Amino acid sequence: MVRLGSLFIATLLGVAAARGNDNDKSSNNKHQNSDEDRIRPNKYAGGSLADTDNLNWNGVPTNETDHVYTNAPGAHGYRAPKGKKNVILMISDGFGPASEYFARSFYQYKHGLSFETQLPLDELLTGSIRTRAIDSLITDSAASGTAYSCGIKSFNDAIAVDHMGEPCGTVLEGAKKLGYATGLVTTSRITHATPAVFSSHVTFRDWEDLIAQQQIGDNPLGRQVDLLMGGGRCYFTPQSTEKSCREDDRNLIEEAQSAGFSYIEDRAGFDGLNNGSSVDLPLLALFTQSHMSYEIDRKASKEPSLAEMSLTALNALNKAQADQEEGFFIMIEGARIDHAAHNNDPIGHLHDILAYQEAVMAVRNWVDEHPESLLISTSDHECGGLALGRQANWTDSPFYGWYPSALANATNSTEVVGSAVAKMVNHTDAELRTYLNQTVLTQWMGIDDATTTEIDSLICNRNTSSMVTYQLSDMLSRRAAMGWSTHGHSGVDVNLYAYGAAAEAGLFIGNHENIFIGKFIEDYLGLDLEDITTVLNNGTFPDPYSGADLANFTRNLPVYDHDHRSLVDVHASCGM
């Protein structure tokens with residue numbers, strides 16, 4: 001097989017289109033749901049983990065049971081390797097197996113490479129992860145993230161709480177207690193579900209102002225995160241300020257600085273970190289009001305890339321622990337892969353996948369230089385139900401293929417373009433038609449064969465940026481012969497990747513429930529999450545494995561109610 005190495009990073013730079021638009025978009029979520037509305041009365045009884053009998057950490061057969069995973073509920077212990085350890089957990093939000101093939105085949109086409117060429121993740125594939133939540137066969141990022149952070153199943157919307165809504169200790173909190181440095185890096189708001197599940201505890205994921213408070217130390221454990229890097233400034237500024245998302249006048253940036261945090265919010269501040277050598281921990285870095293830009297829209301002069309943030313964070317945490325016996329734990333998220341898939345946007349999805357691949361390559365190279373480190377990469381769920389191959393009508397003959405070339409000339413995400421079109425609301429139809437033909441479709445979307453019906457529909461939908469976004473996504477997808485089954489998540493298994501000594505020992509091989517990740521990290525670092533949970537719950541430990549029947553979690557799921565109308569594909573707007 002062809003290894004990319006520097007070839008990938010060098011040619012990836014050629015894929016990136018001209019950076020444009022900051023893509024900051026705030027959403028002001030209200031505390032509209034009570035705790036009672038979010039708590040499910042189920043209990044979880046655990047599950048079997050990978051059977052790695054007769055393997056020690058060097059892959060050598062052994063009969064010592066304390067090295068072995070067992071299938072007993074709740075029994076997931078083994079003797080972790082001695083010495084300094086770093087755990088780097090990377091999460092590609094909304095990234096399913098089809099998305100890996102999608103990015104790989106486009107990359108091969110774009111650069112004229114052999115069909116044997118692999119992306120960085122391909123070389124690290126070890127297994128797969130089952131993703132269901134406790135209350136649904138299709139998870140959201142909160143429930144899946146809680147499985148990764150706490151090692152237990154919970155309900156959709158749950159941020160590091162158990163099935164009863166009680167806080168559960170996270171691997172980040174457990175690592176912090178033992179003296180490890182901790183960090184979170186994301187391209188979403190730092191208060192979004194995935195970073196939130198490692199650093200806060202709420203029963204409803206949209207309570208991001210509460211999440212922000214906990215992340216800077218306003219929680220029973222005190223400050224737990226040494227490095228916070230991403231977007232989401234709006235949840236840290238008082239409601240009286242422009243673009244704030246908070247519902248009170250607390251200025252969390254000032255509070256964080258008073259508590260000892262250093263703070264940056266722009267490219268100049270990031271460059272001043274000098275690749276991590278000049279970081280003063282704890283660090284709060286918030287580069288955008290809301291989510292950071294899609295990679296294809298990112299202005300490099302304003303926002304660092306995921307790879308840049310990852311390396312800076314790794315170097316900073318490693319430096320902070322240079323004289324310590326303990327290493328660090330960090331979670332790094334490629335968040336906007338998921339957001340683009342929610343829009344069914346092949347362009348945004350593609351380029352954020354490639355940016356994540358670049359980050360994986362950078363982190364892998366860093367691990368090579370720091371062999372005490374373990375890299376784990378997986379996804380919380382698939383998003384969009386992506387399929388490569390699309391049959392326009394069930395009466396047509398199926399087409400065996402898809403067209404990467406249809407995506408090669410697009411230069412912006414459909415979300416950014418949809419917002420630009422919506423700003424033309426006060427222009428005449430004729431002016432908008434000219435704008436669509438001469439700029440939007442040809443220059444930004446790379447579409448030179450739009451039909452009159454398609455343009456008429458875009459004009460009709462001009463008042464709603466999301467409708468324009470969805471239509472542009474569909475126009476690109478149909479031309480590329482790509483299919484999407486949903487604007488939400490799907491229930492398919494996701495890939496599991498690993499690199500480092502534990503990966504070489506075969507401990508990640510096979511198909512695992514998502515709680516495996518949290519349990520593995522807990523044991524690998526020698527953490528005591530029960531103790532953290534006890535502190536969070538004022539001295540009581542709610543055992544999530546006591547007396548439950550696993551079969552109930554299938555029997556008690558929602559069932560089909562024979563109202564198939566909600567499942568029918570209907571285009572009722574503007575003649576499409």
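## Close-up views of the sheet and its helices

**View 1. Strand 1 beside strand 8.** I88 stands opposite L375 in strand 8. Strand 1 (residues 86–92) and strand 8 (residues 373–378) are parallel partners, joined by 6 bridges. Two strands pair if DSSP finds at least two bridges between them; helices (H or I, at least four residues) and strands (E, at least two) are DSSP runs numbered from the N terminus. This is a predicted model, in which local features need pLDDT of at least 70 and side-chain atom pairs count only at pLDDT 80 or more, while totals for chains, interfaces and linings use all residues. Residues are numbered from 1 along each chain as its sequence is written, and side-chain values use heavy atoms, with hydrogens and water left out.

**View 2. The sheet as a whole.** The chain has 20 helices and 14 strands, and 10 strands form an open sheet with mixed pairing, in the order 5-6-4-3-7-1-8-13-2-14. At the edges stand strand 5 (262–264) and strand 14 (510–513); each has a single partner strand, so one side of each is left without a neighbour in the sheet. On average, neighbouring strands of this sheet are turned by 15° against each other, direction ignored. Axes are lines fitted to C-alpha atoms, for helices over the stretch in contact, and angles run from 0 to 180 degrees between N-to-C directions. In a regular strand the side chains alternate between the two faces of the sheet.

View 3. Buried means under 20% relative accessible area, exposed over 50%, and partly exposed in between (1.4 Å probe, protein chains only). Strand 3 (residues 181–189) runs parallel to strand 4 and is joined to it by 4 bridges. Strand 6 (residues 283–286) also pairs with strand 4 in the parallel sense, over 4 bridges. L227 of strand 4 has G183 opposite it, and L227 also stands opposite L283 in strand 6.

View 4. Strand 13 (residues 494–499) is mostly covered, with 6 of its 6 residues buried.

View 5. Helix 18 (residues 515–524) lies across strand 1, strand 2, strand 7 (328–334), strand 8, strand 13 and strand 14. Helix 18 runs at about 170° to strand 8.

**View 6. Helix 13 against helix 14.** Helix 13 (residues 414–422) and helix 14 (residues 429–444) have axes that come within 12 Å and cross at roughly 165°. The two helices are therefore roughly antiparallel to each other (angles under 35 degrees count as roughly parallel, over 145 as roughly antiparallel, 65 to 115 as roughly perpendicular and the rest as oblique). Helix 13 passes helix 14 in a right-handed crossing; a crossing is left-handed if the near helix is turned anticlockwise from the far one by less than a right angle, and right-handed if clockwise. From helix 13, V417, A420 and V421 meet L432, Y435, L436, V440 and W444 of helix 14, where contact means heavy atoms within 4.5 Å. By class, this contact has 8 nonpolar, no polar and no charged residues (Ala, Val, Leu, Ile, Met, Phe, Trp, Tyr, Cys and Pro count as nonpolar, Asp, Glu, Lys and Arg as charged, and the others, Gly among them, as polar).

**View 7. The surroundings of helix 13.** The buried residues are T414, E415, V416, V417, G418, A420, V421 and A422. They pack against helix 11 (336–342), helix 14 and helix 16 (465–480).

**View 8. Helix 15 against helix 16.** The axes of helix 15 (residues 452–460) and helix 16 cross at roughly 160° and come within 9 Å. That makes helix 15 roughly antiparallel to helix 16. Their crossing is left-handed. E454, S457 and L458 of helix 15 meet V468, Q471, L472, M475, R478 and R479 of helix 16. This contact has 4 nonpolar, 2 polar and 3 charged residues.

**View 9. The whole chain.** Of the 576 residues of the chain, 58% count as buried. Among contacts between residues at least 6 apart in sequence, 76% join residues at least 24 apart.
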